[in-house]
Amino acid sequence: MTDNYDDILHLPHHVSKRHPQMSLYNRAAQFAPFAALAGYGEAIAETARPTVPEVELEEDGRRLLDRRLIELATRLAGHPVVSITYFQPDARKAGGTYVVAKGVVKEIHDDGRMIQMEDGGLIRIDAIVALEGDVFLPDEG
């Protein structure tokens with residue numbers, strides 16, 4: 001069977017004079033594996049993304065927070081700068097993250113149980129776990 005190809009078997013490899021030779025990187029990319037399961041990598045990354053469970057404040061912590069909210073409400077005219085730590089639930093899976101927002105409090109909405117920051121941010125009062133700032137009385141510690 002090799003008799004049919006004896007005339008071309010030992011010819012030199014053809015190199016085009018019109019087209020530049022493809023780089024090894026581009027040539028290898030043609031044979032790279034493809035994603036047979038579209039979105040599988042993203043699903044794995046989403047599952048691996050860490051979240052933490054929401055913790056419930058103890059009674060003493062809740063009382064301190066209530067006192068500080070009342071104190072904050074009485075001092076809104078002075079544009080108090082506070083640091084608010086609150087729980088932000090994750091939109092895609094159970095749990096969430098704790099976020100610290102620092103800034104000037106503009107309003108406290110009792111009816112909707114929200115704190116509105118001067119930058120427009122809204123924070124649910126029920127999600128707050130810590131409220132810090134110079135505006136609070138030192139004996140509250």
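Student: Why does Tyr5 count as exposed?

Tutor: Tyr5 has a relative accessibility of 53%. Buried means under 20% relative accessible area, exposed over 50%, and partly exposed in between, with a 1.4 Å probe and protein chains only as cover. The value of 53% is over 50%, so Tyr5 counts as exposed.

Student: What kind of model is this, and how are residues numbered?

Tutor: This is a predicted model, in which local features need pLDDT of at least 70, side-chain atom pairs count only at pLDDT 80 or more, and totals for chains, interfaces and linings use all residues. Residues are numbered from 1 along each chain as its sequence is written, and side-chain values use heavy atoms, with hydrogens and water left out.

Student: What is the mean pLDDT of the chain, and where is confidence lowest and highest?

Tutor: pLDDT is the predictor's confidence in each residue, from 0 to 100. The chain has a mean of 89, and 96% of its residues reach 70 or more. Confidence is lowest in helix α2 (residues 40–48), with a mean of 86, and highest in strand β1 (residues 81–89), with 96. Helices (H or I, at least four residues) and strands (E, at least two) are DSSP runs, numbered from the N terminus.

Student: Where does Tyr5 lie, and what makes a patch there?

Tutor: Tyr5 lies in the segment before α1 (24–29). Tyr5, Ile8 and Leu11 form a nonpolar patch on the surface, with about 340 Å² of accessible area together. Patch residues have over 30% relative accessible area and no salt bridge; like charges are joined within 9 Å, and nonpolar side chains (Val, Leu, Ile, Met, Phe, Trp, Tyr) within 5 Å. Accessible areas come from the Shrake-Rupley method with a 1.4 Å probe, and for residues only the protein chains shown count as cover.

Student: Is Ile128 buried or exposed, and why?

Tutor: Ile128 has a relative accessible area of 1%, which is under 20%, so Ile128 is buried. Ile128 sits in strand β5 (residues 128–132).

Student: Which residues does Ile128 touch?

Tutor: Contact means heavy atoms within 4.5 Å. Not counting residues up to four places away in sequence, Ile128 touches Leu57, Arg62, Leu65, Ile84, Thr85, Tyr86, Ile115 and Ile123. Thr85 is 43 residues from Ile128 in sequence, yet the C-alpha atoms are 5.8 Å apart.

Student: What makes a nonpolar core, and which members of the largest one touch the most others?

Tutor: A nonpolar core is a set of buried Ala, Val, Leu, Ile, Met, Phe, Trp, Tyr and Cys residues joined through side-chain atoms within 4.5 Å. The largest core has 19 residues, and Leu72, Val82, Ile84, Val105, Ile115 and Leu131 touch the most other members. Two or more residues come from each of α3 (59–74), β1, β2 (96–109), β3 (114–117) and β5. Beyond its neighbours within four places, Leu72 is in contact with Pro80, Val82, Val105, Ile108, Leu131, Val135 and Phe136.

Student: How many salt bridges does the whole structure have?

Tutor: The search finds 8. One of the pairs is Arg75 and Glu71, at 2.3 Å. Arg75 is partly exposed at 34%, whereas Glu71 is buried at 15%. Glu46, Arg49, Asp90 and Arg92 are linked in a network of salt bridges.

Student: Why is Arg113 called partly exposed?

Tutor: Its relative accessible area of 38% falls between 20% and 50%, so Arg113 is partly exposed. Arg113 is in the loop between β2 and β3, and its side chain meets that of Asp126 in a salt bridge of 2.8 Å, N to O. Asp126, in the loop between β4 (122–124) and β5, is partly exposed at 42%.

Student: What is phi of Arg113?

Tutor: Phi of Arg113 is near 50°, a positive value in a residue other than glycine. His79, in the loop between α3 and β1, also has a positive phi, near 50°.

Note on methods:
Salt bridge = Lys/Arg side-chain N within 4 Å of Asp/Glu carboxyl O.
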